[in-house]
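Student: I have a chain open and want to go through it. Can you take my questions as they come?

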Amino acid sequence: MIKAKVPELMRKKGMNVTELMRQANIAYPTALRLSKAEANAITFDVLESLCKLFDVQVKDILEYIPDKH
């Protein structure tokens with residue numbers, strides 16, 4: 001499973017969904033899904049915008065969690 005860590009990054013900046021949408025220049029539905037860690041896909045453009053906005057690397061936005069068998 002891939003987990004988006006956007007909610008944690010938003011909390012650290014005291015940011016809401018509308019601010020995420022505007023500052024990252026992404027669509028509101030995308031910002032909403034990311035803010036809830038419910039996104040099941042992300043484009044490189046959005047990923048780049050998030051890296052710039054939060055001043056982080058990709059590894060700080062996405063986390064791989066192996067399935068438990």
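Tutor: Start with Val46, which lies in helix 4, residues 44-54. Keep in mind that this is a predicted model.

Student: Is Val46 buried or exposed?

Tutor: Val46 counts as buried, because its relative accessibility is 14% and the cut-off for buried is under 20%.

Student: Leaving aside neighbours within four places in sequence, what is Val46 in contact with?

Tutor: Val46 is then in contact with Ile26, Thr30 and Leu34.

Student: Switching to helices. At what angle do the axes of helix 1 and helix 4 cross?

Tutor: Roughly 30°, and the axes of helix 1 (residues 6-13) and helix 4 come within 11 Å. Helix 1 is therefore roughly parallel to helix 4. The crossing is left-handed.

Student: Which residues make that contact?

Tutor: Val6, Leu9, Met10 and Lys13 on helix 1, and Leu50, Leu53 and Phe54 on helix 4. By type, six are nonpolar, none polar and one charged.

Student: Now the whole chain. In what order do the elements run?

Tutor: From the N terminus on, the order is β-α-α-α-α-β, with four helices and two strands. The radius of gyration is 12 Å, close to the 11 Å from the globule rule for 69 residues, so the chain is as compact as a globular protein of that length.

Student: How much of the chain counts as buried?

Tutor: Of its 69 residues, 30%.

Methods:
Residues numbered from 1 in each chain as written. Predicted model: local features only at pLDDT ≥ 70, side-chain atom pairs only at ≥ 80, totals over all residues. Heavy atoms only, no water. Buried < 20%, exposed > 50% of the residue type's maximum accessible area, 1.4 Å probe, protein only. Contact = heavy atoms within 4.5 Å. Axes fitted to C-alpha atoms, helices over the stretch in contact; angles between N-to-C directions. Parallel < 35°, antiparallel > 145°, perpendicular 65-115°, else oblique. Left-handed = near helix turned anticlockwise from the far one by under 90°. Nonpolar A, V, L, I, M, F, W, Y, C, P; charged D, E, K, R; others polar. Rg over C-alpha atoms; globule rule 2.2 N^0.38 Å.
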